[in-house]
Amino acid sequence: MNSKLHAVCDGSGRPVSLFLTEGQVSDYKGAAHLLPTLPDAKELLADRGYDATWFRNALLEKGITACIPSKKNRKEPVPYDKELYKQRHKIENMFGRIKDWRRIAMRYDRCAHTFFSAICIASVFIFYLN
């Protein structure tokens, strides 16, 4: 049993919106679910798993510039700002802070709703302590 956490963070790396999916589910499902909850922003930083034409177009409609590296199998690679992409470490740091909570890192909770509740509690602390 595994799971995947999709998160939207602000510029400081504080969690704003979270979504939990099954581990074998594509990142596109998380992107589709979090798309309506995106805050007003100029850019969105994401990893290769979120590289999809429909997602990039949806971001453009919202006035957000996508800074997402192209997947390896994309025939026409899409350029992105590599210097801006280096700021993604803030998001990875947020995931690391969530995993500092042993209950989350060891996945003691077997039910998804209980596990997600623990993630939300940790995220609230991270948001206000950061």
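**Aromatic rings**

I started with the ring pairs, which link Tyr28, Tyr50, Trp54 and Phe55 into a cluster. My rule pairs rings of Phe, Tyr and Trp (its six-membered ring) whose centres lie within 6.5 Å, with planes under 30 degrees apart counted as stacked, over 60 as edge-to-face and the rest as tilted. By this rule I get six aromatic pairs. One of them joins Tyr80 and Tyr85, edge-to-face at 5.6 Å centre to centre with 75 degrees between the planes. Another is Phe127 with Tyr128, also edge-to-face, at 5.1 Å and 75 degrees.

A note on what I am looking at: this is a predicted model, where local features need pLDDT of at least 70 and side-chain atom pairs count only at pLDDT 80 or more, while totals for chains, interfaces and linings use all residues. Residues are numbered from 1 along each chain as its sequence is written, and side-chain values use heavy atoms, leaving out hydrogens and water.

I then looked up accessibility (buried is under 20% relative accessible area, exposed over 50%, partly exposed in between; 1.4 Å probe, protein chains only). Phe127 is partly exposed at 23%, and Tyr128 is exposed at 64%.

**Confidence**

The pLDDT, the predictor's confidence in each residue from 0 to 100, averages 93 over the protein chain, and 99% of the residues score at least 70.

**Helix α4**

Helices (H or I, at least four residues) and strands (E, at least two) are DSSP runs, numbered from the N terminus. In α4 (residues 89-99) I find Ile91, Met94, Phe95 and Ile98 buried. They cover an arc of only 95 degrees around the axis, so they sit on the same side of α4; the arc is taken from the directions from the helix axis to the C-beta atoms. With contact meaning heavy atoms within 4.5 Å, these residues pack against β1 (3-9), β2 (15-22), β3 (43-45), α5 (102-105) and α6 (112-129).

**Salt bridges**

I searched the whole structure and found eight salt bridges (a side-chain nitrogen of Lys or Arg within 4 Å of a carboxyl oxygen of Asp or Glu). Asp27 and Lys4 meet at 3.2 Å, N to O. Asp27 lies in helix α1 (residues 27-34) and Lys4 in strand β1, so this pair ties together parts 23 residues apart in sequence. Asp27 is buried at 15%, whereas Lys4 is partly exposed at 24%. Glu83 and Lys86 pair at 3.1 Å, N to O, and both are exposed. I also noted a network of Asp51, Arg56 and Arg74, joined by salt bridges that share partners.
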